[in-house]
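Please read it with the structure open beside you.

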Amino acid sequence: MTIVITGATGRLGRLVVEALLAYNVPAGQIVAAGRDLTKIADLAERGVQVRPVDYNDPGSLRQAFEGAEKVLLVSGSEAGQRIEQHRNAINAAKEAGVGLIAYTSIANAGSTTMQLAAEHQATEEALRESGVPFTLLRNSWYLENYTDQLAVQLQYGAVLGSAGEGRVSAATRADYAQAAAAVLLKEGQAGKVYELGGDVPFTLSELAGEVSAASGQPVAYQDLPAEQYTQALVEAGLPEFYAAILADSDLGIARGELLVTSGDLSSLIGRPAVPMREAVQAAVRSHLGA
């Protein structure tokens, strides 16, 4: 059995490869595909097949998927371009005779109105129309979306957002990656839809409280109107288009659209998901050099 992981040069895709290896999948049965192969040269040294792939290049996709039984289609990172890119990948998988596509979608894709979800929803529809068997891995937020901002949070003593008291079921990339690997190794996954998220949802006020407790520094949540939060993100260096999407996503959190109660993540990985408190404490230790 050959399993192709797209986006393997990115953080999630690479973690899926590592998870498959941890599940004792022979390295030669794993294909790590991505644009910058220098980032995964070490995987090739460990026996993993490494193939170049670009979602904008259908030919590279067909070559990467040749002989594959299963493909993990990791959603692209270029917002605004992903529908066409994902269709290229789906069509290439169909031409290659792939037996199953697992796609990393977004939580509650069937009902959410978040702007960020639109391309995921279109991709899910493309999968349904393709005739290729597929599984949906609907991921909620990454905990790293918050812990990667720790230095700024500590510098200004604030977590900014527009989520109000909405709860988010964030989980670590590593947990989502392990869940994806588990699904790829299971049989009978065609048509399955997994709503994936952490076991204990939290508000951004609770997040700020944990950052403060772990660091010993005062950190509070500042809830802003979406327009003001967008401007803050732009001033921090984000493109206005993407900043507006992130602010809109916080409004989605306020509406409960990134809240997951299925228990699918912990069920797939066979243990509780890493909780927010633990992720924050680890990030603080790393930041402070403790």
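The points below cover the basis of the model, its helices and their packing, its cores and one loop glycine.

1. This is a predicted model, in which local features need pLDDT of at least 70 and side-chain atom pairs count only at pLDDT 80 or more, while totals for chains, interfaces and linings use all residues. Residues are numbered from 1 along each chain as its sequence is written, and side-chain values use heavy atoms, with hydrogens and water left out.

2. Helix 8 covers residues 173-185, and its 13 residues reach 18 Å from the first C-alpha to the last, close to the 18 Å expected at 1.5 Å a residue. Helices here are DSSP runs (H or I, at least four residues), as strands are (E, at least two), both numbered from the N terminus, and the expected span is 1.5 Å times one less than the number of residues. Because 11 of its 13 residues are buried, helix 8 is largely enclosed by the rest of the structure; the buried residues include Y176, A177, V183 and L184. Buried means under 20% relative accessible area, with exposed over 50% and partly exposed in between (1.4 Å probe, protein chains only).

3. The largest nonpolar core has 57 residues, and those with the most contacts inside it are V17, F65, L72 and I101. Helix 8 gives the most to this core, with seven residues. Such a core is a set of buried Ala, Val, Leu, Ile, Met, Phe, Trp, Tyr and Cys residues joined through side-chain atoms within 4.5 Å.

4. Leaving aside neighbours within four places in sequence, F65 is in contact (heavy atoms within 4.5 Å) with V4, T6, R51, V71, A89, A92, A93, A96 and V98.

5. The axes of helix 1 (residues 11-22) and helix 8 come within 8 Å and cross at roughly 55 degrees, where axes are lines fitted to C-alpha atoms, for helices over the stretch in contact, and angles run from 0 to 180 degrees between N-to-C directions. The two helices are therefore oblique to each other, given that angles under 35 degrees count as roughly parallel, over 145 as roughly antiparallel, 65 to 115 as roughly perpendicular and the rest as oblique. Among the residues making the contact are L12, L15 and V16 of helix 1 and Y176, A177 and A181 of helix 8.

6. In helix 1, the buried residues are L12, G13, V16, V17, A19, L20 and L21. Helix 1 is followed by N24, whose phi is positive, near 70 degrees.

7. Helix 10 (residues 226-235) and helix 11 (residues 240-254) pack at an angle of about 140 degrees, with their axes 8 Å apart, and their crossing is right-handed. Residues that meet here include Y229 and L233 in helix 10 and L246 and L251 in helix 11.

8. G76 lies in the loop between strand 4 (70-73) and helix 4 (82-96). Is G76 buried or exposed? At 8% relative accessibility, G76 counts as buried. Leaving aside neighbours within four places in sequence, G76 is in contact with Y55, R82 and H86.

Notes
A crossing is left-handed if the near helix is turned anticlockwise from the far one by less than a right angle, and right-handed if clockwise.
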